[in-house]
Structures are given as structure tokens and as C-alpha cells.
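Student: I have just opened this one and would like to learn how to read it. Could you walk me through it?

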Amino acid sequence: MSRLTLARLAAVLFAAVAAVVVVVSPAQAGPADGNPVEQAAAAESAEVYRMTNHYTNRCAAVHGPSNVNGGAVFQIDCNPAFADQYWRWEPYNGSYRLRNEHTNRCLAVQQHNAPAFQIDCGTYTDQQWVRQAYYSGNYLLGYKILNVYSGKCLAVQGAVLSNTQVFQAGCNTSYLDQVWELQI
């Protein structure tokens, strides 16, 4: 083969690989609801975490038997054995949908200071979340978890009691009850 033919072959191969990387990149777009192939691809690219509140050291959970729309999300003592304390962070439209591993429903909120709840996952912005790193000096404490619809932060209102309901409130950099650690 000539040097020119090898160069053309290398260029074609590079372009083909680059096209595949662009097509399957999970950050490009979210899964289409109702399309099992795209949902499966999103599930494979999603990250699963326990969300532990930095202030209370308790996990966001859906009560184990509560597998209904509107079921409350609350904080409880963390226990890695319980699937209701794990949330799948599915990339969706530049944000994430937080799907509970036990109930397969998504975290949602509706109004300012309103409690968080679970509901069937859909395309609504009240089910879409972004995370912002929260530092103390150079040390990462955790993340502020903001709802796309309201722009409010997920919080536990400073309560240290177990079974306190998780809600949304105006983000405030001095409130550590709005900081969440993401643990595998």
C-alpha cells in the first residue's frame, strides 16, 4: 500500500470511531420515554448513589413498601442493604432524573418549600435535577441538588431526626442541610 492510501484509510477509520463516540455519548441527550432500547442505554450510562445529607448524615429514601405515585421521600439512617436508599442518576436533557432503585419511580417536587415525592418518570422538568459541587476551601463536601423547574435545592430543614421529609427550598450557600454526599 502506498503512504497516501494508508493516510486515507487512517482518516476514514478515525472519522468512523469519532462518529460512534458522538452517537453514544450519554451527555448528548436523554432517553426517549417509552423506547426500551434508549432507556436501557441510559440505564447503562447512569450512576447509582446513596444520597447522604451532609448535615444529618442520613440518606434520602422512599419507604420500602411505598411503591405508589406521590410516595414521600424522607431521610433515614443509611443502610447499604436497602435499595430504597439508592438513586440512579440518569442523564436527561443536560440534567438528571433521579430514579429510586427500589420503586423505579423518579424524585420530583412541585412548589417552593414543598416536600419531595416519587412519581412515574416522565419528561417534566420537576423531575430533572442538576448537581453543583459544594466546597469548603479546597475540600469537596458534597453537592447542592437543584431542581430544574424551580431552581430550588433539595434539603432536610436542618432536622437531625430520622423520618424527616426531604423538601426543596431556596438555595443558600451557608445551609449545610442542602449539601448531599453521593456514595456508591
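Student: Which residues of the largest nonpolar core touch the most other members?

Tutor: They are M51, W87, W89, L98, L107 and L154, out of 19 residues in that core. A nonpolar core is a set of buried Ala, Val, Leu, Ile, Met, Phe, Trp, Tyr and Cys residues joined through side-chain atoms within 4.5 Å. Buried means under 20% relative accessible area, exposed means over 50%, and partly exposed lies in between (1.4 Å probe, protein chains only). One caution: this is a predicted model, where local features need pLDDT of at least 70 and side-chain atom pairs count only at pLDDT 80 or more, while totals for chains, interfaces and linings use all residues. Residues are numbered from 1 along each chain as its sequence is written, and side-chain values use heavy atoms, with hydrogens and water left out.

Student: Which elements give two or more residues to this core?

Tutor: Those are β1 (47-53), β2 (59-62), β4, β5 and β12 (179-183). Helices (H or I, at least four residues) and strands (E, at least two) are DSSP runs, numbered from the N terminus. The chain has two helices and twelve strands, and from the N terminus on the order is α-α-β-β-β-β-β-β-β-β-β-β-β-β.

Student: What does L98 touch?

Tutor: Leaving out residues up to four places away in sequence, L98 touches M51, W87, R88, W89, R105, C106, L107, Q127, W129 and I145. Contact means heavy atoms within 4.5 Å.

Student: What makes β5 mostly covered?

Tutor: Six of the six residues of β5 are buried. S95, R97 and R99 point one way, Y96, L98 and N100 point the other way, and all are buried.

Student: How do you know that β4 and β5 pair?

Tutor: Two strands pair if DSSP finds at least two bridges between them. Six bridges join β4 to β5, and the two run antiparallel. In that pairing, P91 stands opposite Y96. β5 also pairs with β8 (residues 128-136) in the antiparallel sense, over two bridges, and there R97 stands opposite Q128.

Student: What sits between β4 and β5 in their hairpin?

Tutor: Two residues lie between these strands, and N93 in the turn has a positive phi of about 50°. Most residues other than glycine have a negative phi. N104, in the loop between β5 and β6 (106-108), also has a positive phi, near 65°.

Student: Why is N93 called exposed, and why is N104 called partly exposed?

Tutor: The relative accessible area of N93 is 52%, so it passes the mark for exposed. N104 has 47%, so it counts as partly exposed.

Student: How many disulfides does the chain have?

Tutor: The count comes to three, where a disulfide is a pair of cysteine sulfur atoms within 2.5 Å. Numbered in sequence order, the bonded cysteines pair 1-2, 3-4, 5-6.

Student: What makes C59 and C78 a disulfide?

Tutor: Their sulfur atoms are 2.0 Å apart, which meets the limit of within 2.5 Å. The pair links distant parts of the chain, with C59 in strand β2 and C78 in the loop between β3 (73-76) and β4, 19 residues apart. The torsion about the S-S bond is about 110°, so this disulfide is right-handed.

Student: Why is C59 called buried, and why is C78 called partly exposed?

Tutor: C59 has a relative accessible area of 0%, so it counts as buried. C78 has 29% relative accessibility, so it counts as partly exposed.

Student: How do you know that C106 and C121 form a disulfide?

Tutor: Their sulfur atoms are 1.9 Å apart, again meeting the limit of within 2.5 Å. C106 lies in strand β6 and C121 in the loop between β7 (117-119) and β8, so the link ties together parts 15 residues apart in sequence.

Student: And what makes C153 and C171 a disulfide?

Tutor: Their sulfur atoms are 2.0 Å apart, and the limit is within 2.5 Å. C153 lies in strand β10 (residues 153-155) and C171 in the loop between β11 (167-169) and β12, so parts 18 residues apart in sequence are tied together. C153, at 0% relative accessibility, counts as buried, whereas C171, at 37%, counts as partly exposed.
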